[in-house]
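Subject: The structure I promised you

Hi,

Here is the structure for you to look at.

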Amino acid sequence: MGKESKSRGFFGWFLVLVILALVVGAVVYIIKKKLDHRNDNKPTPVPGHPGAIDHKYAHALEIAMQFFDRGDSALTDGSEAKLDLSKGLYDAGDHVKFGFPMAFTATVLSWAILEYRDQMEAVNQLEPAQQALKWITDFLLNAHPSQNVLYIQLSEYFLSLTFLLQKLRQVGDPVTDHKCWDRPENMTEKRPLTQVNASVPGTEVAAETAAAMASASLVFKTADSTYSSTLLTHAKQLFTFADNN
């Protein structure tokens with residue numbers, strides 16, 4: 001009677017262990033299936049070597065990069081302050097170089113290069129993108145000749161939309177500019193220039209310019225470490241200027 005009772009006890013515990021193992025296995029299987037299903041629905045990660053290249057979109061990117069290209073124009077911009085501000089971008093169809101949207105363009109272009117570097121390189125558009133970015137950052141560096149000075153164009157102060165636009169302007173007179181519908185290669189109007197500084201600060205344009213330089217410094221960190229360091233130094237100086245003023 002005692003042996004038979006022990007046998008039943010061992011069998012009972014064995015049965016419990018088997019059932020428990022089956023339950024745990026089932027739970028693990030269900031969780032794994034759910035995780036696999038989630039991963040199936042996730043988009044393919046962007047970083048890394050791209051897969052098959054769609055030449056239709058590669059060509060579209062090439063054309064988009066050409067948007068930054070122009071012929072020679074405004075080669076004497078900045079000369080009244082003995083600066084070379086001949087680079088940079090015009091705003092929309094205007095001949096004015098607005099600092100805020102130009103710096104924002106550099107910031108966004110920098111992060112696009114950082115995020116999609118491998119894809120751009122695969123379709124031979126990484127170098128054009130970097131050249132387009134450097135065309136802007138060269139301008140921004142030259143427009144920041146000392147720690148608390150950023151050159152802009154600011155000819156009038158009055159509380160209106162025009163004031164807000166001029167406060168962000170780097171080079172050019174919008175009143176004269178908007179009367180002229182011509183190619184920038186052919187423009188002859190004056191290109192007035194002024195600056196923001198500790199006495200007359202321009203916090204927003206200075207801060208966005210700092211962001212542009214900081215993000216661009218990451219783009220050039222490997223390709224041109226000296227240029228990258230220069231950008232980062234100017235970014236820190238402009239951020240401090242914007243923060244203190």
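The protein has eight helices and four strands (DSSP runs, H or I of at least four residues for helices and E of at least two for strands, numbered from the N terminus). Read along the sequence, they follow the pattern α-α-β-α-α-β-α-β-α-β-α-α.

Before you go on: this is a predicted model, where local features need pLDDT of at least 70 and side-chain atom pairs count only at pLDDT 80 or more, while totals for chains, interfaces and linings use all residues. Residues are numbered from 1 along each chain as its sequence is written, and side-chain values use heavy atoms, leaving out hydrogens and water.

Now the salt bridges (a side-chain nitrogen of Lys or Arg within 4 Å of a carboxyl oxygen of Asp or Glu). Side chains of opposite charge can pair when their charged atoms come close. How many salt bridges does a search of the whole structure find? There are four. In one of them, aspartate 77 meets arginine 191 at 3.0 Å, N to O. Aspartate 77 sits in the loop between H2 and E1 and arginine 191 in the loop between helix H6 (174-177) and strand E4 (194-196), so this pair ties together parts 114 residues apart in sequence. Both aspartate 77 and arginine 191 are buried (under 20% relative accessible area; exposed is over 50% and partly exposed in between, with a 1.4 Å probe and protein chains only). Asp77 and Arg191 also belong to a salt-bridge network with Lys97.

Aspartate 138 is worth a click too. Its partner lysine 87 comes to 2.7 Å, taking the closest N and O atoms. That pair links distant parts of the chain, with lysine 87 in the loop between H2 and E1 and aspartate 138 in helix H4, 51 residues apart. Aspartate 138 also forms a salt bridge with lysine 134 (3.1 Å, N to O), and these two both lie in H4, four residues apart, about one turn of the helix. Is aspartate 138 buried or exposed? Aspartate 138 counts as buried because its relative accessibility is 12%, whereas lysine 87 is partly exposed at 25% and lysine 134 is partly exposed at 30%.

One last stop is valine 205, in helix H7 (residues 203-219). Valine 205 is buried, with a relative accessible area of 1%. Its C-alpha atom is 8.9 Å from that of proline 101, 104 residues apart along the chain. Across the protein's 245 residues, 35% count as buried.

Cheers
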